[in-house]
Amino acid sequence: MGCEAKRCGVQFNPPSIVLVYIHTDTKKIRKRIIPIRNFSKYSDCSMAAERLKNHPRHRGYLDQVPLSQLEKLHIILRDHMQGLSLENSLASFQLDPDEDLNKLDDEELARKKGQMDTLFERNRKRKDDPDFVYDLEVEFDKSKQEKCSWDEESDEGF
């Protein structure tokens with residue numbers, strides 16, 4: 001039996017993961033609701049997502065769903081159990097350049113770093129890209145540079 005995952009979402013009551021997929025043999029669109037058991041507002045989302053992805057009953061359906069997406073759905077579900085709204089929970093996944101990452105706990109920091117890695121890989125230019133330039137030199141406007149006290153006292157010999 002083969003299936004091709006199309007969409008994956010979360011259902012709050014009862015706590016479940018909803019998977020919309022196409023059955024490859026019959027080409028029919030199906031929906032599978034996977035209940036999330038033994039999950040509380042104190043649960044580890046990465047462990048719960050990994051446990052669900054490796055569950056023998058759901059493994060065939062969740063093969064094409066990335067573990068990071070399952071982890072994100074578990075975080076949304078946990079935030080809902082803690083009383084956060086869906087908008088607040090989704091806002092926590094947005095990267096804020098002014099956010100102080102030193103104040104985050106280890107789990108939150110790892111999630112933000114994972115998002116930054118994904119964004120970097122998406123924007124990265126590779127050798128085989130059509131708009132790749134090997135030795136790109138960019139001139140910056142000197143008038144927009146800020147003055148610093150140590151710049152004025154710098155030694156010209158260096």
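## Salt bridges

Seven salt bridges are counted in this predicted model, a salt bridge being a side-chain nitrogen of Lys or Arg within 4 Å of a carboxyl oxygen of Asp or Glu. Because the model is predicted, local features need pLDDT of at least 70 and side-chain atom pairs count only at pLDDT 80 or more, while totals for chains, interfaces and linings use all residues. Residues are numbered from 1 along each chain as its sequence is written, and side-chain values use heavy atoms, with hydrogens and water left out.

One of the bridges joins Arg 78 to Glu 107, with 3.2 Å between the closest N and O atoms. This pair links distant parts of the chain, since Arg 78 belongs to helix α3 and Glu 107 to helix α5, 29 residues apart. Arg 78 is buried at a relative accessible area of 12%, and Glu 107 is partly exposed at 36%; buried means under 20% relative accessible area, exposed over 50%, and partly exposed in between, with a 1.4 Å probe and protein chains only. Another bridge runs from Lys 112 to Glu 99, where the closest N and O atoms are 3.6 Å apart. Lys 112 is in helix α5 and Glu 99 in the loop between α4 (86–91) and α5, so this bridge ties together parts 13 residues apart in sequence. Lys 112 is buried, with a relative accessible area of 3%, and Glu 99 is partly exposed, with 28%.

A further bridge is formed by Glu 121 and Arg 124, whose closest N and O atoms are 3.4 Å apart. Salt bridges with shared partners join Glu 121, Arg 124 and Arg 126 into one network. Both Glu 121, at 35% relative accessible area, and Arg 124, at 39%, are partly exposed.

## Chain layout

The chain contains six helices and three strands, in the order β-β-β-α-α-α-α-α-α along the sequence. Helices (H or I, at least four residues) and strands (E, at least two) are DSSP runs, numbered from the N terminus. Of the 158 residues in the chain, 23% are buried.

## Nonpolar core

What does the largest nonpolar core consist of? It has 21 residues, and those with the most contacts inside it are Cys 8, Ile 17, Leu 19, Leu 52, Leu 62 and Leu 70. At least two residues of this core come from each of β1 (3–11), β2 (16–23), α1 (45–53), α2 (59–62) and α3 (67–81). Helix α3 gives the most, with five residues. Such a core is a set of buried Ala, Val, Leu, Ile, Met, Phe, Trp, Tyr and Cys residues joined through side-chain atoms within 4.5 Å.

## Charges over a ring

Two charged side chains lie over the face of Phe 93: Lys 72 at 5.0 Å from the ring centre and Arg 111 at 4.6 Å. A charge sits over a ring if NZ of Lys or CZ of Arg is within 6 Å of the ring centre and within 35 degrees of the ring normal.

## Nonpolar surface patch

Val 133, Leu 136, Val 138 and Phe 140 make up a nonpolar patch on the surface, and together they have about 450 Å² of accessible area. Patches are made of residues with over 30% relative accessible area and no salt bridge, with like charges joined within 9 Å and nonpolar side chains (Val, Leu, Ile, Met, Phe, Trp, Tyr) within 5 Å. Accessible areas come from the Shrake-Rupley method with a 1.4 Å probe, and for residues only the protein chains shown count as cover. Val 138 is in the loop between α5 (106–123) and α6 (149–152). With a relative accessible area of 51%, Val 138 is exposed.

## Backbone geometry

Most residues other than glycine have a negative phi, and most peptide bonds are trans. The peptide bond from Asn 13 to Pro 14 is cis, with omega near -10°, and Pro 14 is located in the loop between β1 and β2.

Lys 27 is not a glycine but has a positive phi of about 60°. Lys 27 is in the loop between β2 and β3 (28–35) and is exposed, at 63% relative accessibility. Asn 38, also not a glycine, has a positive phi of about 55°. Asn 38 is found in the loop between β3 and α1, and its relative accessibility of 77% makes it exposed.
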